[in-house]
Amino acid sequence: MSARVEVEEHMGFWRGYVFSTDHKTIAKQYLAIGLFWAIVGGLLAYLMRWQLAYPDTEVPGWGFIGADFYTMLVTMHGTIMVFFVAMPILLGAFGNFLIPLMVGARDMAFPRLNMLSVWTFALSSLVLLISFFVPGGAAAAGWTGYPPLSAKPIYTGVDWGLNLWILALALEFASFLMGGVNFLTTTVNLRAPGLSMLRLPLLVWMQITAAVLFMLSVGPLIAGAVMLLMDRVVGTSFYLPEGGGDPLLWQHLFWFFGHPEVYVILLPGLGIMLEILPVFSRKPIFGYRPIIYSTIAAGILSFVVWAHHQFISGLDPRLAMPFSITTIFISVPFALMVFAMIATLWRGSISFPTPMLFALGTLAVFLVGGLTGVFNGSAPVDIYIHDTYFVVAHFHYTLFSVTFFAAFAGIYFWFPKMFGRMMNETLGKLHFWLTFLFFNAVFVAMFLLGLGGMMRRIANPMQYDFLQPLQPMNVFATIASILLLLGQIPFVINFFWSLVAGEVAERNPWQANTLEWSAPSPPPHGNFEIVPVVYRGPYEYSHPSVPEDWLPQDRPAVPTAGV
Amino acid sequence: MSSWLPESVSTYGGDIDAIFYLIYYVTGAWFVLTLGVTILFLIRYRRREGRRATYVHGNTLAQSAWILVPGLIVLLMDFWIDFRSAEVWAKVMGRMPSSDLRVQVTAKQFNWEMVYPGPDGQFGTADDLQLENELHVPAGKVVRVTLKSKDVIHSFFLPHVRLKQDAVPGREIEAWFEATKPGRYEIPCAELCGFGHSGMKGWLTVHPPDEYQKWVKQRWPSS
Amino acid sequence: MAEAHVMAVGVETRSVTGIPTGKLGVWWFLASEIVLFGGLIGVYIMSRLGGAGWSEMAAHLSVPIGTLNTFVLLTSSLTMVLAFAAAEKGNPKGVRTWLLLTVLLGLAFLIIKGFEWSSEIGAGFTPTAGAFWSFYYTMTGLHALHVLGGVVVNFILFLAALLGLLRGSEHRVELAGLYWHFVDIVWIFLFPLLYLSW
């Protein structure tokens, strides 16, 4: 029963693949756009890294890069990776694909709204793409867009590029607000019989927490973005001191959203890990309830830490300590989750196919990211490392871990369910080791560069005497980054080859418990032949009462001791 | 690690570095421990014929203690770091020590304008001196800097002094330092301020006290 | 396969909590809107409390016109409630009448607002005339866009009622009503903060 045959018989190409209301197709559309932008973002990084290692030389395959172009590269790399790669892949793709399946629903609560959300996202992508080609170039005030630099075109020399940047972000926000409505409503109201909230897979908990965080934090930034656009286009002075405005206002509005936003990205990535680790340890996830409480606590705390991005911004120094304390607190729930993941491995029966390797890689990389957060959270240390490459390395360890390692884990794991075929294991393992090795090489180098004092967003480190001795580290990071990019080739080959010629997947190749594995691979429209009934929690692996080491949520009648 | 940090030449640089090292050792220990245990488990509990995983949920208090107790230790160590940090923060940012030596530093796209009050110690008088990108101070004396900006947000960064403070247009922000070792040190801008951000830098010259007097005499011959 | 036809026609009708799914969806949406307007209004309040001293500028607003508009919007919320009551009672003519009135009142609000803006701009009070005016136009502008959106939705519902398409989906009047009341409530905050505060 192939979904492709279904589509051609009943819907035709346009309704089936382009204007589809099926959450699985919408998920693939988000994935496709996200992967496209990942390639663009990676290429921008290549240009940046070459310029940093060999300033003012011709970049192979491109040409000379001036300081103005470099500033635009830095801005767009950040914007693209956060809003056009991480969000669509982790939430748009995995959230859309998995939530209805994991709750036993036939689709999202509002399929047409879902289609509108992905088309709004496609429109925002188009606007961002166009911004590269307008006179003056694309936005160049950093992904953080601080005014007054961003509020008056004359300060950057960029005119329409920044206006379109603001517009693209506004559309992106609208798209994910619409998606969030679907995620929350579907999870709350469309669960299969027997599926209580405390029997939900943790990935669903993570997705809905992320949706709530996003929906409650983005409003002030939308207001702030409207104000920024008005400063730029109408000539108001919300952020311009000469007109009575305050540049710091933007910083507050931005980071009030910006900090919850990083958890909006983080939580779905953790959710992917929390699904994969039990499957390949053949054990329940350790501490299901503590993990949920930690997630909710982290979500609430995320709204009161934002000024740790602003310690030396001109903020009253007395505010530094309260924000440092809340920042300390927020490290605890994530530490608990890391410990819970490790405790899941204890006395497990662990195997290492590619999804597991990437999940473990996420754990190791995220650990470094989280620990280096402690340096940034200490206000006096932040005096020195703020706006240096130490911060860049920290957020790449935290964000890259979920945006790439966890996303790859999810792609290798759910590829059979999404496309009905298995990916190649050898290429997968090769992809993992190359990515893991070279990622660490690039970003350990950046920690050291940050310690040396190398500032962010500079196009030429050789302009500074005190940075010249560090230049070999820049060269090292560049070479490693090129190898990191090349290391993605096995994935690209694997992905496309497996789509057409991969081994045909059975319904449940990993012998996993959650409801999506009860549907065919890939599921047709409507997902399940019969709507499942749920009898137990999602992680009943190696239960003593059954001979197999797995026990699906919808298998009837076996008495359970678990949740 | 110390070879990566630039040489510290201020009175509070050592305090800041001390907190850095404290965090480095604490997080380093957690890193080794956590990763070590993980790798141990991955090896020890590899899938083996005939051995089944142990079914345990971790939801009871006794079981979840295994993650709650380490979590509590994390919290306590973080508090300790926070407490030590608060002391250093108060020293650097909390109180502005008094000083006779004051300079106004105004940032603009793309350099620093230093204004010295001159021998009369007053700004806005005839003996004020403006230099581009040159900050001259004597070693061993507290210097107070008033930061302003003519256009966008810049950031006054003295890596060797371990000082960084944003210069925000529409505000006057005070910072201070006391340099301990004579030398010439760069003052990069550390906040993206436009296309000329890269390369925007000044120079801090720390004079031995007698040489500083000579410099003052050179600049204000009539004093 | 039968399921494909189910999917092509409509949405899931399951409701674990007993709350209609559409209503849940609208409430989540309104939560995000509350944070949007709350953020903007919060910034305005903090700026004003911070001693911005905008009273002289604010004095140029016309309290009578603002009051009229408040009355218009409040009445439109009433007609919206009456439209929903008619829908529940199975009174299609009532639904059409009250929905049309709601649309017309919404349009009236926008027209009055437009007239207000043009006379203010004509007097030289443009968005760049001062910080208060920047906030005034941004806040009332964003609100007006939301009113326009509500007018469009209500008009579509009115057309559906006219064409007899609303049978079986009367709950949509309630959902649109929730949004419309929200838009009204935002104005209840804006009016005193902009027109009546000192």
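This is a predicted model: local features need pLDDT of at least 70, side-chain atom pairs count only at pLDDT 80 or more; totals for chains, interfaces and linings use all residues.
Chain B is divided into two parts by the domain assignment, with domain 1 comprising residues 13-45 together with 56-94, and domain 2 covering residues 101-219. Taken over C-alpha atoms, the centres of domain 1 and domain 2 of chain B are separated by 38 Å.

Chain B contains an open sheet of 5 strands, in which the strands follow the order E3-E2-E1-E5-E8 and the pairing is mixed. The edges of this sheet are formed by strand E3 (129-132) and strand E8 (173-178) of chain B, each of which pairs on one side only. From one strand to the next, the twist averages 25°. In general, the strands of a sheet pair through backbone hydrogen bonds, and such pairing may be either parallel or antiparallel. In chain B, strand E2 (residues 111-116) and strand E3 run antiparallel and are joined by 4 bridges; within this pairing, Glu113(B) has Glu132(B) of strand E3(B) as its bridge partner.

The contact between chains B and A involves 74 residues of chain B and 83 residues of chain A. On the side of chain B that touches chain A, two or more residues are contributed by each of helix H1 (13-44), helix H2 (61-94), strand E6 (154-158), strand E7 (163-167) and strand E9 (183-188) of chain B. Of these elements, H2(B) gives the most to that side, with 18 residues. When the residues on the side of chain B that touches chain A are sorted by class, 41 are nonpolar, 19 are polar and 14 are charged.

Chain C has 7 helices and 0 strands, so that its elements, read from the N terminus on, run α-α-α-α-α-α-α. Along the principal axes, the C-alpha atoms of chain C fill a box of roughly 65 × 35 × 25 Å. Of the 198 residues in chain C, 35% count as buried. Among the contacts in chain C with a separation of 6 or more, 80% are accounted for by residues 24 or more positions apart in the chain.

Methods:
Residues are numbered from 1 along each chain as its sequence is written. Chains are lettered from A and ligands numbered from 1 in the order in which they are written. Two strands pair if DSSP finds at least two bridges between them. Axes are lines fitted to C-alpha atoms, for helices over the stretch in contact, and angles run from 0 to 180 degrees between N-to-C directions. A residue is buried if 20 or more other C-beta atoms lie within 10 Å of its own, exposed if 12 or fewer, and partly exposed in between; C-beta atoms are placed from the backbone. Two residues are in contact if their C-beta atoms, placed from the backbone, lie within 7 Å. Domain bounds come from an automatic or database domain assignment. Ala, Val, Leu, Ile, Met, Phe, Trp, Tyr, Cys and Pro count as nonpolar, Asp, Glu, Lys and Arg as charged, and the others, Gly among them, as polar.
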